[in-house]
Amino acid sequence: MQHLVGQASSNSSSAASASPVRLRPSPSSRRDQQHRERDAPAAAMADEHQELARAFSGMGGLGVDEAAVVSAVGRWRRQPEKRTQFRRSFPGFFTATSGGGGVMERCEDEYVRQLEAEFARFKDAAVLWAMHPWERDARWAHHVLHKAHPPAVLVEVACTRAADDLLGARRAYHALYHRSLEEDVAYRVRDASAALLVGLVSAYRYEGTRVSEELAKEEAKALAAAVKSASATGAKLVQNDLVVRVLATRSKPQLRATFRIYKELNGKTLEEDFAGELCLQEAVKCLDSPARYFGELINGAFKDGADKQAKAALTRVVVSRSEADMEEIKDAYAKQFGAKLTDAVAKNAHGHYKDALLAMIGK
């Protein structure tokens, strides 16, 4: 019996090996495979389009991923239809235009300007990095004054630089433009902030550590009275002589003591009580906590919808502070936004521009 069972088992296994069972694919699996084969080129093309869009900062990045652009140039060589498909897939940047018996996808002028700016970011960062800091600040100030930009950069330069560096920037302005920074500010700033800005750029502050608590308390009370009076009369605090004198002449340690006592006495910061007067708020922020101010500027460059000036601030801050207070800025950024500054730059910037920023920021 065992012999018969063994023989039957042997025969059945031989039969199985001799004629294996062949399963036919079901109609549904054949359809799925056909769909995958048909969709694979389209999916690959979509990935390429997305990669190239990111490379060109079409999705709101900073800088250009040069390697991705070069890769697309190589992959799409002698395949003009791929570039055509790419243009047609981004109607916000390219518009179909007919004429001369044919149709083309015209690149929008605004997008051309955006691309030029993004390609120029690395060049600008490299040039600014190579400049003497005094010349750099002088050129930034001149650009603000002669392009009718808001005075935030002027406040930044005047309030965050050391006394000798601000003096150096004024000397560089003389050499470059054959007139003084102070006279250009006085002549070109036509709004209520003119007196404050002239005072800030003219300052040569004491940089020692000595602080008078008595003076800080006296001036904190005087500032509180000025805020209360302006609230009652509708006057602009930026034109108040006391406010301008205190912000434009006192040392930074003395001002920090005044700001501290102001909050203790009034329950609100001076920056909060200067609400609605942006120039004053920026001056207080730069004088009190420049690292926090710079961290906010950097984060603003990463936001959706950031304008040209907001994005330019990223280059300006990293280049100008890389050898000054970058470690403090990194600490402030992490506390404010819960992320490492280097990680945020790596996520939002691209190509050689990103590499240059990270090199200047350091680990």
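Begin by selecting helices H10 and H12 in this predicted model: H10 passes H12 in a right-handed crossing. H10 covers residues 194-202 and H12 covers residues 241-249. Their axes lie 8 Å apart and pack at an angle of about 20°. Because angles under 35 degrees count as roughly parallel, H10 and H12 are roughly parallel to each other.

Next, display the side chains where these two helices meet. On H10, the contact is made by Ala195, Leu196, Gly199 and Leu200; on H12, the partners are Val244, Leu247 and Ala248. By class, the contact of H10 with H12 has six nonpolar residues, one polar residue and no charged residue.

Select H7, residues 152-160, together with H15, residues 278-288. The axes of H7 and H15 come within 9 Å and cross at roughly 30°, which makes H7 roughly parallel to H15. The crossing of H7 and H15 is right-handed.

Which residues make the contact of H7 with H15? From H7, select Ala152, Val155, Glu156, Cys159 and Thr160. The contact of H7 with H15 divides into seven nonpolar, one polar and two charged residues.

Finally, turn to the aromatic rings. Select Tyr187 and Arg190: the charged end of Arg190 sits over the ring of Tyr187, at 4.9 Å from the centre of that ring. To end the tour, display the rings of Phe, Tyr and Trp; with ring centres within 6.5 Å taken as a pair, the count comes to three aromatic pairs.

Conventions
Residues numbered from 1 in each chain as written. Predicted model: local features only at pLDDT ≥ 70, side-chain atom pairs only at ≥ 80, totals over all residues. Heavy atoms only, no water. Axes fitted to C-alpha atoms, helices over the stretch in contact; angles between N-to-C directions. Helix = DSSP H or I, 4+ residues; strand = E, 2+ residues; numbered from the N terminus. Parallel < 35°, antiparallel > 145°, perpendicular 65-115°, else oblique. Left-handed = near helix turned anticlockwise from the far one by under 90°. Contact = heavy atoms within 4.5 Å. Nonpolar A, V, L, I, M, F, W, Y, C, P; charged D, E, K, R; others polar. Phe/Tyr/Trp six-rings, centres within 6.5 Å; stacked < 30°, edge-to-face > 60°. Lys NZ or Arg CZ within 6 Å of the ring centre and 35° of its normal.
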